[in-house]
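Welcome! Here is a short tour for anyone meeting this structure for the first time. Take a look at the picture, then read on.

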Amino acid sequence: MSKKLLSTPYLIWMIGFTMIPLALVVYYGITDKTGAFTLQNILSIATPERMNALLRSLKLSLISTGICLLLAYPLAMILKSLKVKQSSFIVFIFILPMWMNFLLRTMAWQTLLDRNGVINSILNFLHLPALNIINTQTAIIFGMVYNFLPFMVLPIYNVLVKIGDDTVEAARDLGANSTQTFFRVIFPLSMPGVISGITMVFVPALTTFVISDLLGGGMVLLIGNVIEQEFTFTANWNLGSGLSLVLMIFILISMALLAKYDKDGEGAAF
Amino acid sequence: MKKKIMIFVLAVSLCLSCLAGCGGGKKNSKGVVKIYNWGEYIDEEVIQQFEDETGIEVIYDTFETNEEMYPIIEAGGTSYDAVCPSDYMIEKMIKNDLLSEINFDNIPNMKYISESIMEGSKAFDPENKYSVPYTFGTLGILYNTTMVEEPVTSWNALWNEKYKGEILMYNSPRDLFTAPLELLGYSINTTDEAQLGEAKELLLEQKPLLQRYVMDQIKDIMISGSAAMAMAYSGEVLQLQEANPDLAYVVPEEGSNYFIDSWVIPANSENKENAEAWINFLNDPEIALKNFEYITYSTPNTGAQELMDQALLENPAVFPGEEILKKCEVFHSLGEEGDTLFNDLWLEIKDAAVKS
């Protein structure tokens, strides 16, 4: 009884802030203004502009997830090899920027990357060619990688530190060289961390609309922008919700695919 | 029994005096006026001055958007006496019977309000019965005089290939479409698909020339000189010019959008006469000028304009000139269908690829 009582706050939280809002999104998504059932909202993803925006979002978020993985894995390996004190210091440094608001950091990059911005002034001073990536897809990928990299590093690092040195030593004793040890022992064992890292980067990257507005300069239309506009400009909650449902389907598919690799469910975030 | 009544009377009078005490405790209090205005949209000293001169106590609340203000007035939980919404919102409030007619006999300072602005107000208040203009502003072109050589007079400056990569446009459908619609000579409130289609083509042509679509960041980008030209609302131009004196502002000769924020009195106002006294006070030329110097949004008060420096009056950001003002239109609410139409065209423009 007392255990049940203890869980009530979480129950209320989940029902109030997850289940009910989700149910509302579903309700709005499959009804029209008059409240009658319709699939029109969901099907309107098929218009060329919206479909292009969705595909563009998928492309950019896949690329940035890939880059995050490539950057995060070696870093997590390095952190694992360090002594606890050093590695916790580096992890601390790494998540320090997250103490600042995500919007502010992204706006800071806008100023840094600007054509007359800090980075270009330095390049100019050194007589190097200017970096013209602001307001392009490249800048958006950059922003996604910068903002979401910690979400990839931490879960991988958490799984890696749990792999005991004796496991690695056993592999070496049994004749595996370091490459074999990595690919046949360490990497498979770290899969849960990789999976949760991928989920935690891919999902926010797919749905972002702030990064494309700030670093993409509004020149690149992502599905997040399309949905945002339905709520803020046309005030068409039904259409916005319908498009959100489509996006949710993609997220669910990606999570289902990933879950196949993570049967043990060890990919606890941090 | 008598004793009880006495005690009751005493208690009530005690409470009343207490309440009066809480309510500012002014001598000869002439009651209160409840004001609901935009944030940062008045010189606070003006409020003090009003209280001192009239003995009316001001209860002052602020809002950030028209959309935030509307449901509060509609619900009527707090009965405000004077509210300052924008044009299209006033139109909606009149339609929904939320406003009461103003008794202009109590506002002698109405004579100072510019006629062209009163004329413009008819777009949302057809008989000038419900609103008294407080500020107005135009949509125009902000440009950097060190980067743009030729004088800017027309919207087509934003299509000048010479400034490829140096042009900023607003990232909102209605504002964005104002430029091509004015160039084509159509109303900015059109919902004619053919006209909007033409405007869309112009915007598609323009996209490769743009640096980006922006909203509020326009200020930073223009101050730092990272772009040569931008669509901009006149409201904060004076502040921008202070930060960067090279910036100039013009309302294109084809005409443009302009907004009017006006004082209105909600239907459920309990201190209507005090509200009228408030509106009258704000339109005293000295007060209007003082207020203008603080908020820097253009004032429609001709009395205040007469007191201004010539340099200010010649600044199109403050006063764009009668001729051009006549060509400006306020935005009307286009309804759901109109908004959807604009949104779909906007999506097409945003979807068009430029650079990857």
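In this predicted model, 19 residues of chain B are in contact with 18 residues of chain A, where contact means that the C-beta atoms of two residues, placed from the backbone, lie within 7 Å. A word on reading it: residues are numbered from 1 along each chain as its sequence is written, while chains are lettered from A and ligands numbered from 1 in the order in which they are written. Because the model is predicted, local features need pLDDT of at least 70 and side-chain atom pairs count only at pLDDT 80 or more, whereas totals for chains, interfaces and linings use all residues.

**Where the chains meet**

- On the side of chain B that touches chain A, β7 (210-214) and α15 (335-351) of chain B each supply at least two residues. Helices (H or I, at least four residues) and strands (E, at least two) are DSSP runs, numbered from the N terminus.
- α15(B) provides the largest share of that side, with seven residues.
- By type, the side of chain B that touches chain A has five nonpolar, eight polar and six charged residues. Here Ala, Val, Leu, Ile, Met, Phe, Trp, Tyr, Cys and Pro count as nonpolar, Asp, Glu, Lys and Arg as charged, and the others, Gly among them, as polar.

**Chain A**

- Chain A has 12 helices and zero strands.
- Its C-alpha atoms fill a box of roughly 70 × 70 × 35 Å along the principal axes.
- Among contacts in chain A between residues at least 6 apart in sequence, 73% join residues at least 24 apart.

**What the UniProt record says about chain A**

- An unreviewed UniProt entry places "transmembrane region" features on chain A, including residues 12-30 and 182-203. UniProt positions follow the numbering used here, feature names are shortened, and annotations may be inferred rather than shown by experiment.
- Residues 12-30 of chain A are 95% helix and 0% strand, with end C-alpha atoms 26 Å apart.
- Residues 182-203 of chain A are 100% helix and 0% strand, and there the end C-alpha atoms are 28 Å apart.
- The unreviewed entry also places the feature "domain: ABC transmembrane type-1" at residues 54-258 of chain A, a stretch that is 79% helix and 0% strand.

**The two domains of chain B**

- Chain B is divided into domain 1 (26-136 + 259-319) and domain 2 (137-257 + 329-351), with bounds from an automatic or database domain assignment.
- The centres of the two domains, taken over C-alpha atoms, are 29 Å apart.
- Their contact takes 17 residues from domain 1 of chain B and 15 residues from domain 2 of chain B.
- α4(B) gives the most to the domain 1 side, with four residues.

**The largest nonpolar core**

- A nonpolar core is a set of buried Ala, Val, Leu, Ile, Met, Phe, Trp, Tyr and Cys residues joined through C-beta atoms within 7 Å. The largest has 143 residues, and Ile156(A), Ala82(B), Met229(B) and Trp278(B) touch the most other members.
- Helix α7 (residues 137-162) of chain A supplies the largest share of this core, 15 residues.
- Trp278(B) touches Val33(B), Ile35(B), Phe50(B) and Ala82(B), not counting residues up to four places away in sequence.

How values were computed:
Buried ≥ 20, exposed ≤ 12 C-beta atoms within 10 Å, placed from the backbone.
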